[in-house]
Amino acid sequence: MSISQTVEAAGDGSGSEFRRGVTSCAPVLFGTIPYALVLGAQATQKGLSTVELSMMTGLNFAGGSEFAAIQLWTSPPHIVLIVAITFLVNSRHLLMGAALAPFLRHLPKRKVFPALFFMCDESWALGLADAKQRAAAGITPAFSPRYYMGAALAMYLTWVAFTTLGALLGPMLGHVETYGFDMAFPAVFLVLMRGMWTGMAAARPWLVSLVVAALVYLFVPGAWYVAAGAVSGLVAAWLMAGDA
Amino acid sequence: MIDMATLLTIVLMASVTYLTRTGGYVVLRNRTLGARATAVMEAAPGCVLISVIAPAFVSKSPADILALAVTLVAAMRLSMLPTVLIGVASAGVLRHFIG
């Protein structure tokens, strides 16, 4: 009990922390909308109903794996393949949660477990970056749960609402690629990566991932390129850490 | 309407995804990592993100490659919103004129 009181006392007004989270997430939300519409539209083309698609994005809430699942979707779906790919695409969450763990030590588990449901690339990146800044500024606790939840809930509601809208509009949208909206996806990811940039040496595993993923994409059918690229980058990081 | 096989797939997807979200926290809550493991962990998010968008780098459409180059330059200099707008606009315009 004293722990949560400390957290609330440390925030400079709980409402404003939540709002600060929503605000810092706003540009990301804008980039997410076209991507959400595309997913919804593609899902209906693959034969999913709007309710099914909303359930998927609302319960799973992990865009990359949902795109992969829809890409691989057949009727009936290959359950094992789709669940395995979902795990592989989302296995990065294991590392993200691990990176966040030291900042969550002061929080009770009953708050951490629900909050982690909403951990996506964007809310994680914003929450972690904010915690590092606050730590550098000497604010304790460094992690602001309300800031994180502001960003995370804004992301969640936008994702579920606009994927659903995409499914409803799907038959009318046709091929969204024609207008260039699909480029929002690389754009968002490249900006997130720039935020993680700490120098050429640290980025070498990324290059390995890019090359391997691209080759696997070109020569191996299916969505294996994500797993192959990610794993080879991690192996490269492991090996390079030795000679540094 | 909801198909049973679809429902099962979605519930299983959601379950493994939640396990990935909580797993790192559960395992590493009370531990500190060694140098190699830390290096792997720091590289991981970028490795995953770049792998997901790798197909865009080997697109067979010249317009897409040019648009990606424009987006990459924008991403190195600008914040999220302008980069997304430039990326989408350049892809739309280049595809229209180059195909």
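Let's start where two helices meet: A:Phe185, A:Pro186, A:Phe189, A:Leu192, A:Met193 and A:Met196 in α10(A) touch B:Pro45, B:Gly46, B:Leu49, B:Ile50, B:Val52, B:Ile53 and B:Ala56 in α2(B). Contact here requires C-beta atoms, placed from the backbone, to lie within 7 Å. Sorted by class, the residues of this contact of α10(A) with α2(B) are 12 nonpolar, one polar and no charged. In this sorting, Ala, Val, Leu, Ile, Met, Phe, Trp, Tyr, Cys and Pro count as nonpolar, Asp, Glu, Lys and Arg as charged, and the others, Gly among them, as polar.

A word on what you are viewing: this is a predicted model, in which local features need pLDDT of at least 70 and side-chain atom pairs count only at pLDDT 80 or more, while totals for chains, interfaces and linings use all residues. Residues are numbered from 1 along each chain as its sequence is written, and chains are lettered from A and ligands numbered from 1 in the order in which they are written.

How do the two helices lie against each other? The axes of α10 (residues 184-196) of chain A and α2(B) come within 10 Å and cross at roughly 150 degrees; axes are lines fitted to C-alpha atoms over the stretch in contact, with angles from 0 to 180 degrees between N-to-C directions. α10(A) and α2(B) are therefore roughly antiparallel to each other, a label for angles over 145 degrees.

Now step back to the whole contact, which takes 60 residues from chain B and 78 residues from chain A. On chain B, the elements giving two or more residues to the side that touches chain A are α1 (4-28), α2 (35-57), α3 (62-77) and α4 (80-97). The largest share of that side, 21 residues, comes from α2(B). By class, the side of chain B that touches chain A has 41 nonpolar, 14 polar and five charged residues.

Chain B itself has four helices and zero strands, where helices (H or I, at least four residues) and strands (E, at least two) are DSSP runs numbered from the N terminus. The radius of gyration of chain B is 20 Å, well over the 13 Å that the globule rule gives for 99 residues, so chain B is more spread out than a compact globule. That radius is taken over C-alpha atoms, and the rule is 2.2 Å times the number of residues to the power 0.38. Along its principal axes, the C-alpha trace of chain B spans about 55 × 50 × 25 Å.

Terms used: Parallel < 35°, antiparallel > 145°, perpendicular 65-115°, else oblique.
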